Each structure stands twice: as C-alpha cells, then as structure tokens.
Amino acid sequence: MPKKGLGAGGTKDKRPPFPHKQDDPEEFARLRRVLRKSDYGDYTYFMWDCNSHLVKIGKSVDPARRAAELGSSGARKIELLVVLRGGWLEALYHRHFADLRVEGEWFEPHPDLIDEIVRLRPESDPCDYPTGPIKLAPI
C-alpha cells in the first residue's frame, strides 16, 4: 500500500502551487480576512531542523527567540529560513502542505515545500522585523 500522499508508483503526487496574492487577489483577501483573527503582529516562519531534517512552519511575535528556544535544548540545531509578516499565513501553509505533516508543525522537506521556501526567500525581509534584523540561514 503506498504511503499517504504517494501515487501508485510510490512517487509524490504534484500538488497545485500555493495560492499567491497575484494569482487570485480576491480569494487571497478573503482568506486573509477569515484567518487573520488577532495575530496582526505575528510572523509566519519556516525553520529547518539540521538534525531531523524537518521543516517547521509556525507563527510567533518573535521568530528569532522561538528558534533560540527550540535550539536551546541542545537536541536540535535550528536555522531560521524565512520570516513573513502575518501569522495568518501559517494556517494556509499548514493546510496546503498537510500531506507532508510529520507531527504538529513539523513537515517533511518535500521538493514542493523547499521550492516554496526558495520562492519566499526574497519576500522575507529581516530588516522589517520590529526588533531589528534577523539573521537568516543560507539556503
């Protein structure tokens, strides 16, 4: 029996690309209104666990501190890859990559997810962060 998300040949089915603002501005605005409750000051982030080789998609008011907290146990080496303004984006990414979820907010690094991280990288503006620049790990 193929693993969840795998086609009959054992390969990942290609998912449609993540819905971006320029593709369908009305749908994007609708989703933003629905999902953005009280997280106006939050950021959505993508982190890489160098030990487990999993990607964490989460939201926080302070992604750099969150990365430090996750790495403080010594069991994990965490690198912050992307930070986007708007915690409401986290729910969209969790839904879009649901078949890649390993546990909680941790996802397997499928090429579709890595492609999205690479695409988002130029939009991740570390200087836009309220407490100053964030050092992003190289991709």
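Predicted model: local features only at pLDDT ≥ 70, side-chain atom pairs only at ≥ 80, totals over all residues.
**Cores.** I looked up the largest nonpolar core and found 18 residues, with Phe46, Ile57, Tyr93 and Leu113 having the most contacts inside it. A nonpolar core is a set of buried Ala, Val, Leu, Ile, Met, Phe, Trp, Tyr and Cys residues joined through side-chain atoms within 4.5 Å; buried means under 20% relative accessible area, exposed over 50%, partly exposed in between (1.4 Å probe, protein chains only). I noted that strand 1 (43–49), strand 2 (54–60), strand 3 (78–85), helix 3 (89–96) and helix 4 (111–120) each supply at least two residues of this core. Helices (H or I, at least four residues) and strands (E, at least two) are DSSP runs, numbered from the N terminus. A second, separate core has ten residues, including Tyr43 and Leu70.

**Source.** Residues are numbered from 1 along each chain as its sequence is written, and side-chain values use heavy atoms, without hydrogens and water.

**Rings.** I then checked phenylalanine 46 and tyrosine 93, an edge-to-face aromatic pair with 5.1 Å centre to centre and 80 degrees between the planes. Rings of Phe, Tyr and Trp (its six-membered ring) pair if their centres lie within 6.5 Å; planes under 30 degrees apart count as stacked, over 60 as edge-to-face and the rest as tilted. Phenylalanine 46 lies in strand 1 and tyrosine 93 in helix 3, so the pair ties together parts 47 residues apart in sequence.

**Confidence.** I read a mean pLDDT of 76 for the chain, with 63% of its residues at 70 or more.

Notes:
pLDDT = per-residue confidence, 0-100.
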